[in-house]
Amino acid sequence: MTSLARGGRRIASASAASTGWFISDVAAIAEVEVLKLRRDWTELLTRAVQPTLWLLVFGQVFGRIRAIPTGSVSYLEFLAPGILAQSVLFTAIFYGIAIIWERDLGILQKLLVSPASRGALVLGKAASASVRGFSQTIIIYVLAAVLGVRLRFDVGALLGVSFAVFLGSAVFSTLSLIVACLVKTRERFMGIGQVLTMPLFFASNAIYPLDLMPSWLQAVSRANPLSYLVDALRGLMIAGSHATFGLPLDFAVEISALVLLVTLAAKLYPTVAR
Amino acid sequence: MSTRSPQNGLTPAVRTWRLTRKFGELVAVDNLDLTIEAGLIFGLLGSNGAGKSTTIRMLITLLPPTSGSAEVSGFDIRREPREVRRHIGYVPQMLSADAALTGRENLRLSAKLYGIARSQRAARIEQALTFMGLVDVADAVVREYSGGMIRRLEIAQSMLHRPAVLFLDEPTVGLDPVARHAVWDHLRELTGEFHTTVLLTTHDMEEADALCATVAIMHEGLVVASGAPSQLKAKLGPDAKLDDVFVHWTGRALEHGGAYRDVARARRTAHRLG
């Protein structure tokens, strides 16, 4: 019994150490992104232009004509979480091109020859995308607050938004990485990235409620992970709003999508370097 | 099965058995049988497209062999790829240090991915910087480094975890003579101080002659000659140079051959070196 118990403890300890290294590898890859952003803020500023235009122009105009029924919240309040999700999507969906650059520079090969697991490298890249997602979150919160959107600032809501942004960034950047692994060239990747972005955005509840969509589009929207990200953000960001699907379902869909995509990407990731 | 300790002098650093890699109809590496003794600098020579980079990519687990097998430091490249990766260092032909990070940050990333304990990291990084003569520029971003400094940094990165075998793919391509000689000196010191086995590919015969204890000449996927450079030259005549040996065994001068991708990669590296 004693030796069995010891053996079990050793396995548990090896497993804990392995998990520790996995997390450490993910953090090491993500830290690189933080270091780069700290050194060069210009990208953050340029990426702020698009959501600013959506909120300032699209949001205010559509808010005035009252064409879209949004229940107890104003259209701008309805739109703000959608625009945050859109920013997360647009930032993350082109993340895969960095993998192709890194392959051409030899950085990818060096990462793949390290003992870090493929899953940790992929999740590290996903966490890197989240770093950019968090910066977008801050910009959109500031902008929304200036425009009079009733935001929630309680700790639970802020943590929930952070987790949702992390998951959304990770899901779409991993999807992007999978596309990069399959197409392998920048030119093809850019074409497919453009093709993916708009359908994901318009076939979601980001700028109009599901109820307004024809039934076929509702079905597509319910299969779109962006809809669940928007729904979670709407429930957590805006005072007086709620998540239509429910937060447990929103997070369950995002987590499941992430696990599935990371598993697939970890298989495909080494093929980029061949 | 050979004993697993790389340092006991019994296990060859690298051993291959009929190692083969095909790309469609093209046989890039053809039934390669190779034994590299530990502690030496070994040169794999050949023109572009001869199969030397493909051989390295299989040995470092980036590319699965089509058939045959190989052990690196006593570990099977197919069955124990993570153990292989734990025991090797790799410097790709491309300049793979992250140009947006400082030298120290690049080293810290490598230290984390190779699992060097937090308590040892700073000391190991300082030691590597001192050994490679990079202390003064450790906190400058790598894009400000010269080509020779980047190569030294990359060797420092690949050596941080004290690998048993160090793989270098054309380490001095694009470097000026002074930087080239500095890299050679550092490689000699590495084998002297840490008993590291170095396997490098090159098509620079002067480099092979000056640096390598043993060389193997590859031509169209096959090893056509191997031995100490002095032995290979002596077989050809008293005044023979390694260039003559190369032409004798391959029947062609070095400028022949090379796939578009190989040439593009070499030019890109040379371009980055300015």
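In what order do the six strands of the open sheet of chain B lie? They follow the order 6-7-8-3-9-10, and the pairing is mixed. Strands here are DSSP runs (E, at least two residues) and helices likewise (H or I, at least four), numbered from the N terminus; two strands pair if DSSP finds at least two bridges between them.

This is a predicted model, in which local features need pLDDT of at least 70 and side-chain atom pairs count only at pLDDT 80 or more, while totals for chains, interfaces and linings use all residues. Residues are numbered from 1 along each chain as its sequence is written, and chains are lettered from A and ligands numbered from 1 in the order in which they are written.

**The sheet of chain B**

Strand 6 and strand 10 (222-227) of chain B are the edge strands, each pairing on one side only. From one strand to the next the twist averages 15 degrees; angles run from 0 to 180 degrees between N-to-C directions, and axes are lines fitted to C-alpha atoms, for helices over the stretch in contact. Two of the pairings are set out below.

| Strands of chain B | Sense | Bridges |
|---|---|---|
| Strand 6 and strand 7 | parallel | four |
| Strand 9 and strand 10 | antiparallel | five |

B:Gly89 stands opposite B:Leu166 in strand 7 of chain B, and B:Ala216 stands opposite B:Ser226 in strand 10 of chain B. Strand 9 and strand 10 of chain B form a hairpin with two residues between them, where B:Glu220 in the turn has a positive phi of about 50 degrees.

**A pair of helices**

Helix 5 (residues 147-159) and helix 6 (residues 177-194) of chain B pack with their axes 9 Å apart, at an angle of about 15 degrees. These two helices of chain B are therefore roughly parallel to each other (angles under 35 degrees count as such). The contact (C-beta atoms, placed from the backbone, within 7 Å) involves residues including B:Arg151 and B:Ile155 of helix 5 of chain B and B:Val183 and B:Leu190 of helix 6 of chain B.

**The interface with chain A**

In all, 21 residues of chain B are in contact with 21 residues of chain A. On the side of chain B that touches chain A, helix 2 (81-86), strand 6 (88-91) and helix 3 (103-113) of chain B each supply at least two residues. Helix 3 of chain B gives the most, with four residues.

Note on methods. Contact = placed C-beta atoms within 7 Å. Parallel < 35°, antiparallel > 145°, perpendicular 65-115°, else oblique.
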